[in-house]
Amino acid sequence: MDEMRLKRLGEELSKARKRREEWDAKVRDLERRYKEAENTCIHDMVHAANLTPEQLAELIRAAASGVPYVLPDQNPASAESGNGAGTEDTDSYFDDEEEKEDILR
C-alpha cells in the first residue's frame, strides 16, 4: 500500500512540476509582451511631444531632481518672429470677446 501511495504522489508531483513550467513560461511571455507594450506607449508619448533624445534626457533629469521643466518652444514660426512661448494669438480660440475675457480673468 505504501508503494501505491508513493507512486501516486510521484505522478502528482510530476504533473504539478509540468504545470508550473508551463505557467512560468506563460508569465515570462506576458512580462515580455507587457514590457513591449509599455515601451511602445512611452515611444508614442515622446513622438507625440516631438521631443529630441536630448530634450527627453533633460526632461527625465529634471523630473528626477524635482525641478520644473518647460519644453522649449517648438513652433519655428513663433521662434522666428521673436514672440516666444505664451504669446500666441488667442483671438482664434474664442467665439466672442466676452468668452475670451472670462477665461483670461
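Predicted model: local features only at pLDDT ≥ 70, side-chain atom pairs only at ≥ 80, totals over all residues.
By about how many helical turns are E38 and K35 separated in helix α1?

Residues are numbered from 1 along each chain as its sequence is written, and side-chain values use heavy atoms, with hydrogens and water left out.

**View 1. The E38 and K35 pair forms a salt bridge.** The closest N and O atoms are 3.7 Å apart; a salt bridge is a side-chain nitrogen of Lys or Arg within 4 Å of a carboxyl oxygen of Asp or Glu. Because E38 and K35 lie three residues apart in helix α1, about one helical turn separates them. Helices (H or I, at least four residues) are DSSP runs, numbered from the N terminus. E38 is partly exposed at 33% relative accessibility, and K35 is partly exposed at 45%; this class lies between buried (under 20% relative accessible area) and exposed (over 50%), with a 1.4 Å probe and protein chains only.

**View 2. R32 and D29 are joined by a salt bridge.** The N to O distance is 2.5 Å. These residues are three apart in helix α1 (residues 2-48), so about one helical turn separates them. R32 has 42% relative accessibility and D29 has 28%.

**View 3. R32 also pairs with E36.** Their closest N and O atoms are 3.0 Å apart. E36, at 44% relative accessibility, is partly exposed.

**View 4. A network of salt bridges links D29, R32, R33 and E36.** The structure holds four salt bridges.

How values were computed: Helix = DSSP H or I, 4+ residues; strand = E, 2+ residues; numbered from the N terminus.
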